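Let's take a walk through this fold together. Keep the sequence and the 3D view side by side as you read.

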Amino acid sequence: MLEDLTILGSTGSIGRQALDVCRRLGVFPRFLSCHRQVALLAEQIKTFRPQAVVVTDPEAAEKLPDLLSPLDRKHTAIYQGEGEIRNMVREKVDRILVAMSGFAALSPCYEAIMAGQDLALANKEAVVVAGDLLLPLAREHGVRIYPVDSEHSAIWQCLAAAPQGACYKLYLTASGGPFRTWTREQMTRVSPQEALAHPVWSMGAKISIDSATMMNKGLEILEAMQLFQMREEQIQVLIHPEGIVHSLVEFQDGAILAQLGMPDMRLPIQLALTWPDRVDTELPRFNFFAESQERNLHFYQPDIERFPALALARRAAREGREAPLVFNAANEVAVSAFLAGEINFTGITDLVALALDHFLAQARLTDFSVDGMIDHDQLVKAYCRDQVATLGSLA
């Protein structure tokens with residue numbers, strides 16, 4: 001049974017749900033980290049008494065001691081700055097849950113793998129931009145990676161039913177988000193509040209916007225290619241509004257296996273923390289015989305004209321090299337700009353397309369080390385921030 005655990009990003013949506021799982025399992029994480037939500041981190045410290053915490057935002061870190069009792073401060077060491085995250089992941093534990101969002105997780109993932117730490121991975125971006133670096137290193141260091149995303153967890157579970165190499169095709173399911181039936185023209189008038197209101201899942205702001213644009217599914221295509229060693233054309237997206245089938249795997253003989261369950265992230269989180277054990281849970285269970293509309297399961301083909309994020313992701317997959325990094329970096333800037341009211345909703349994919357055109361016109365990234373990718377990520381984001389004003393004026 002899991003005993004020692006580190007949670008990177010404990011105050012985010014996945015981190016909070018992971019701590020709920022820990023509470024049910026009777027597990028007390030040894031290390032926690034957050035960026036700036038120190039009031040919530042203080043409550044987590046009082047409940048779980050970790051050995052140490054890291055707050056990456058120095059200004060927020062200065063406020064944390066005042067939120068704690070003398071006993072809490074005595075029991076839990078407080079560190080600040082991104083460098084301390086790298087030190088934390090070198091501390092040996094049974095598993096590290098990477099619940100940080102965005103590109104920022106790349107460096108901690110790399111350091112954890114180099115230290116031989118097993119990962120429960122809820123972050124897509126590190127694998128999307130650096131899978132060619134991280135996954136061979138994981139194999140070299142004997143590191144096991146347990147997917148936490150519901151779609152990749154489902155695929156991972158289905159693949160356990162057949163020998164390696166038997167997979168023919170992957171089906172990633174998507175709810176379609178809040179604008180599944182909207183026209184492209186209607187989507188130009190979407191507000192951040194509307195985009196954050198996901199019809200099925202309860203998620204953080206960034207992933208909620210990514211789900212609404214279907215950029216999230218594009219990232220999942222790129223991640224699945226890396227995690228499961230599949231070609232882009234072997235991965236299909238299915239719109240499944242009910243969110244009960246979390247993904248499917250088709251095998252060489254034509255058999256298709258699906259993983260079903262209620263749309264609750266605590267289920268894949270718990271599995272990633274307890275594997276190879278399956279532990280009883282008090283969470284709601286799917287009932288095939290309930291008299292409600294959600295028990296009727298539907299599947300549709302996505303409309304890439306209305307949701308061009310999928311086509312952009314496939315372009316990045318085919319281009320390879322720096323293209324996934326550009327795709328991700330541009331999206332991170334675009335989502336922030338949309339939430340700040342600087343561009344409209346459809347401007348998110350417009351900015352990503354613009355960045356891909358600009359950076360793939362000639363290969364610019366030659367250093368595929370972690371430091372090289374960090375530098376290139378900053379370059380792409382600087383370019384995209386410069387383009388935000390132009391896109392905003394055209395809105």
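Is Gly372 buried or exposed? In this predicted model, Gly372 is buried, with a relative accessible area of 6%. That value counts as buried because the cut-off is under 20% relative accessible area. You will find Gly372 in helix 17, which covers residues 370–394. If you set aside its neighbours within four places in sequence, Gly372 is in contact with Leu365 and Asp367.

Seven strands form it, in the order 4-3-2-1-5-6-7, and their pairing is parallel. Which strands stand at the edges? They are strand 4 (77–80) and strand 7 (145–147); each has a single partner strand, so one side of each is left without a neighbour in the sheet. From one strand to the next, the twist averages 15°.

For a detailed look at one pairing, go to strand 6 (residues 119–121), which pairs with strand 7 in the parallel sense over three bridges. Here Ala120 stands opposite Tyr146 of strand 7.

Helix 1 (residues 13–25) lies across strand 1 (5–8), strand 2 (31–34) and strand 5 (95–98), and it runs at about 160° to strand 1. Helix 2 (residues 38–48) lies across strand 2 and strand 3 (52–55), running at about 175° to strand 3.

How many of the five residues of strand 9 are buried? Four of them are, so strand 9 (residues 235–239) is largely enclosed by the rest of the structure.

Finally, a word on the cysteines. The structure holds zero disulfides. Cys167, for instance, is in no disulfide: the nearest cysteine sulfur, that of Cys158, is 9.6 Å away, whereas a disulfide needs the two sulfur atoms within 2.5 Å. Cys167 is buried, with a relative accessible area of 12%. Cys384 is buried too, with a relative accessible area of 0%.

Key
Residues numbered from 1 in each chain as written. Predicted model: local features only at pLDDT ≥ 70, side-chain atom pairs only at ≥ 80, totals over all residues. Heavy atoms only, no water. Buried < 20%, exposed > 50% of the residue type's maximum accessible area, 1.4 Å probe, protein only. Pairing = 2+ DSSP bridges. Helix = DSSP H or I, 4+ residues; strand = E, 2+ residues; numbered from the N terminus. Axes fitted to C-alpha atoms, helices over the stretch in contact; angles between N-to-C directions. Contact = heavy atoms within 4.5 Å.
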